[in-house]
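Subject: Structure handover

Hello,

Here is the structure for you to open. Please keep it on screen while you read the notes below.

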Amino acid sequence: MSDDQTRPVPADDSRVRIGGVVIDANDLDLLAGFWSALLGRPVTRREPEWVSLGPDLALQLVPERRTVKNRIHLDLVADDLDRASARAARLGASPVGPLHEDLWQVWQDPEGNEFCLCRS
């Protein structure tokens with residue numbers, strides 16, 4: 001990494017920040033229901049091709065299916081990992097592999113989008 005990449009960027013009008021995370025979906029109702037129930041977030045905006053779950057998480061309708069591993073994913077921290085895992089499974093998620101270091105596990109939502117459930 002070059003020195004330019006590790007130096008703090010001065011705050012100015014050109015600052016860029018994360019406004020939210022968007023998950024691609026083939027079935028908006030299915031994934032909105034899953035993520036809303038898993039995270040305890042209500043649907044705050046609904047359009048034909050877009051669902052918002054609060055100010056920083058949304059789902060966007062896309063025509064193509066996920067075919068390869070996600071290049072970015074959510075790390076979800078649970079107060080009780082066993083209960084969160086059981087709830088995720090009841091809602092239609094599935095674990096991708098074993099629990100790692102007794103701390104985190106990779107899961108897939110009902111459409112295959114990967115996320116991690118982590119101990120707090």
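How many aromatic pairs does a search of the whole structure find? It finds three. Rings of Phe, Tyr and Trp (for Trp, the six-membered ring) pair if their centres lie within 6.5 Å; planes under 30 degrees apart count as stacked, over 60 as edge-to-face and the rest as tilted.

Some ground rules before the details. This is a predicted model, in which local features need pLDDT of at least 70 and side-chain atom pairs count only at pLDDT 80 or more, while totals for chains, interfaces and linings use all residues. Residues are numbered from 1 along each chain as its sequence is written, and side-chain values use heavy atoms, with hydrogens and water left out.

**Overall layout**

The protein chain has three helices and eight strands. Helices (H or I, at least four residues) and strands (E, at least two) are DSSP runs, numbered from the N terminus. Along the sequence, the pattern reads α-β-α-β-β-β-β-α-β-β-β. The C-alpha atoms fill a box of roughly 45 × 40 × 30 Å, taken along the principal axes.

Of the 120 residues in the protein chain, 32% are buried. Buried means under 20% relative accessible area, exposed means over 50%, and partly exposed is in between (1.4 Å probe, protein chains only). Take the contacts between residues at least 6 apart in sequence: 52% of them join residues at least 24 apart. Contact means heavy atoms within 4.5 Å.

**The aromatic cluster**

Phe-34, Trp-35 and Phe-115 form one aromatic cluster. A pair of aromatic rings is described by the distance of the centres and the angle of the planes.

Start with one of the pairs, Phe-34 and Phe-115. Their rings sit 6.2 Å centre to centre, with 50° between the planes, and the pair is tilted. It links distant parts of the chain: Phe-34 is in helix H2, Phe-115 is in strand S8 (residues 114-119), and they are 81 residues apart. Phe-34 is buried, with a relative accessible area of 2%. Phe-115 is buried too, at 0% relative accessibility.

Now Trp-35 and Phe-115. Their ring centres are 5.1 Å apart and their planes lie at 70°, so this pair is edge-to-face. Trp-35 lies in helix H2 and Phe-115 in strand S8, so the pair ties together parts that are 80 residues apart in sequence. Trp-35 counts as buried, at 1% relative accessibility.

**Where H2 meets H3**

Helix H2 (residues 28-39) packs with helix H3 (residues 81-90) at an angle of about 160°, and their axes are 10 Å apart. Axes are lines fitted to C-alpha atoms, for helices over the stretch in contact, and angles run from 0 to 180 degrees between N-to-C directions. H2 and H3 are therefore roughly antiparallel to each other. For reference, angles under 35 degrees count as roughly parallel, over 145 as roughly antiparallel, 65 to 115 as roughly perpendicular and the rest as oblique.

Which residues meet there? Phe-34, Ala-37 and Leu-38 come from H2, and Ala-84, Arg-87 and Ala-88 from H3. The residues of this contact divide into five nonpolar, no polar and one charged. Here Ala, Val, Leu, Ile, Met, Phe, Trp, Tyr, Cys and Pro count as nonpolar, Asp, Glu, Lys and Arg as charged, and the others, Gly among them, as polar.

Ala-84 lies in helix H3 and is buried, with a relative accessible area of 8%. Not counting residues up to four places away in sequence, Ala-84 touches Leu-38, Ala-78 and Leu-117.

Back in helix H2 is Ser-36. Ser-36 is buried, with a relative accessible area of 18%. Leaving aside neighbours within four places in sequence, Ser-36 is in contact with Arg-41, Pro-42, Val-43 and Leu-53.

**A loop to look at**

Most residues other than glycine have a negative phi. Glu-101 has a positive phi of about 55° although it is not a glycine. Glu-101 is found in the loop between strand S6 (94-95) and strand S7 (104-108), and is exposed, with a relative accessible area of 66%. Asp-102 is in the loop between S6 and S7 as well. Its phi is near 55°, again a positive value in a residue other than glycine. Asp-102 counts as partly exposed, at 48% relative accessibility.

Best wishes
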